Amino acid sequence: MRISTFFYTLKQGISNIFRNAWFSLASIATISACLLLFGIFYAVVMNFQHIVKTAEQGVSVTVFFDEGLSEARVQEIGELIAKRTEVAKVQYISADEAWETFKDDYFGEEYSAGFTENPLANSSNYEIYLSDVALQGSLVTYLESIEGIRQVNRSELTASTLSGVNALIGYVSVGIIGILLAVSIFLISNTVMIGIQVRKEEINIMKYIGATDFFVRSPFVIEGMVIGAIGACIPLGMIYAIYSTVIEYVVERFTMLSTLLNFLPVEQIFSTLIPVSLGVGIGIGFMGSFTTVRKHLHV
């Protein structure tokens with residue numbers, strides 16, 4: 001494409017936006033609304049997944065050994081467990097460490113002083129933290145097959161609940177994103193189709209004097225991409241202000257809640273949200289314009 005042709009199609013594409021101002025504003029508003037909902041939903045989902053992931057990191061499987069098992073065998077079992085793909089971290093808890101934790105939690109120093117011997121002498125164990133809580137079942141099956149392990153403690157309810165929450169978040173995310181994209185593409189398509197009807201006579205003349213389909217189609221594609229880009233930038237600014245304000249308000253007014261809920265910083269949210277929103281907005285504009293022109297540009 002020659003430079004003059006590029007600037008001509010760019011000028012025509014931007015002119016189309018002003019020529020059909022009301023329809024362009026309607027499309028920008030719709031895309032902005034869709035991406036605003038998407039951005040808010042994305043921020044909520046990312047924080048929720050972060051909270052769930054933090055909770056998953058605290059879920060562990062505990063294994064206890066046969067009485068009298070040698071230290072060498074205990075270490076060997078630990079090495080076998082650490083090699084598993086389901087395992088993120090393995091922590092050895094000796095019987096003395098287990099008793100120190102137990103007596104502090106349940107007895108306190110005053111009452112625990114009456115114990116002359118460690119009542120948990122045979123309770124050394126491995127605390128195994130999972131890389132993915134959904135893999136707990138396969139890991140437990142493997143652990144129960146290892147010679148020297150007498151008991152495996154795990155929380156089926158916690159694991160199944162966290163796995164179910166993650167799956168639900170994934171399904172809902174895909175559904176909502178699909179609906180928002182479909183609505184935005186529909187609006188862009190209608191706007192471009194109206195532009196084609198308004199300029200149908202001009203398009204006929206251009207085609208009769210030898211203009212290619214690409215030359216005729218380009219302004220409409222540029223129009224859709226510019227509308228998509230504008231529609232993406234507006235909600236990004238709104239989401240940034242809303243997110244920063246809400247997080248600051250929660251941290252200042254609800255101190256106890258802020259310690260329980262570890263929110264993601266706005267920079268981490270926007271490091272993904274900016275390119276995704278711009279890509280979605282421009283992509284919607286391109287696809288909506290291109291497909292509409294392709295269907296209706298037969299003169």
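1. The charged end of Lys89 lies over the ring of Tyr129, 4.8 Å from its centre. To count as sitting over a ring, NZ of Lys or CZ of Arg has to be within 6 Å of the ring centre and within 35 degrees of the ring normal. Arg84 does likewise with Tyr142: its charged end sits over that ring, 4.1 Å from the centre.

2. A word on the source before going further. This is a predicted model, where local features need pLDDT of at least 70, side-chain atom pairs count only at pLDDT 80 or more, and totals for chains, interfaces and linings use all residues. Residues are numbered from 1 along each chain as its sequence is written, and side-chain values use heavy atoms, with hydrogens and water left out.

3. Back to Arg84, which also forms a salt bridge with Glu86, the closest N and O atoms being 2.9 Å apart. The rule here asks for a side-chain nitrogen of Lys or Arg within 4 Å of a carboxyl oxygen of Asp or Glu. Arg84 is partly exposed, with a relative accessible area of 26%, whereas Glu86 is buried at 6%. The cut-offs for those words: buried is under 20% relative accessible area, exposed is over 50%, and partly exposed is in between (1.4 Å probe, protein chains only).

4. The salt-bridge count comes to two. The pair still to mention is Arg73 with Glu76, whose closest N and O atoms are 3.2 Å apart. Both residues lie in helix H3 (residues 71-82), three residues apart, about one turn of the helix. Helices are DSSP runs (H or I, at least four residues), numbered from the N terminus. Glu76 counts as partly exposed, at 39% relative accessibility.

5. On to aromatics: a search of the whole structure turns up four aromatic pairs. Tyr240 and Phe270 form one that is edge-to-face, at 5.3 Å centre to centre and 75° between the planes. This pair links distant parts of the chain, with Tyr240 in helix H9 (residues 213-253) and Phe270 in helix H11 (residues 266-296), 30 residues apart. For the cut-offs, rings of Phe, Tyr and Trp (its six-membered ring) pair if their centres lie within 6.5 Å; planes under 30 degrees apart count as stacked, over 60 as edge-to-face and the rest as tilted. Tyr240 is partly exposed at 43% relative accessible area, while Phe270 is buried at 8%. Elsewhere, ring pairs link Phe65, Tyr92 and Tyr126 into a cluster.

6. Which residues touch the most other members of the largest nonpolar core? Of its 21 residues, they are Tyr243, Ile269, Phe270 and Leu273. H2, H9 and H11 each supply at least two residues of this core, and the largest share, eight residues, comes from H2. A nonpolar core here is a set of buried Ala, Val, Leu, Ile, Met, Phe, Trp, Tyr and Cys residues joined through side-chain atoms within 4.5 Å.

7. There is also a nonpolar surface patch of about 550 Å², made by Ile40, Val44, Ile230, Ile234, Met238, Ile242 and Val246. Patch members need over 30% relative accessible area and no salt bridge, with nonpolar side chains (Val, Leu, Ile, Met, Phe, Trp, Tyr) joined within 5 Å and like charges within 9 Å. Areas come from the Shrake-Rupley method with a 1.4 Å probe, and for residues only the protein chains shown count as cover. Helix H2 (21-57) and H9 each give at least two residues, with H9 providing the largest share, five residues. One of the patch residues, Ile234, is found in H9 and counts as partly exposed at 40% relative accessibility.

8. Ile227, found in H9, is buried at 1% relative accessible area. Ile227 and Ser27 are 200 residues apart in sequence and 7.2 Å apart in space, C-alpha to C-alpha. Pro219 is also in H9 and is buried at 3% relative accessibility.
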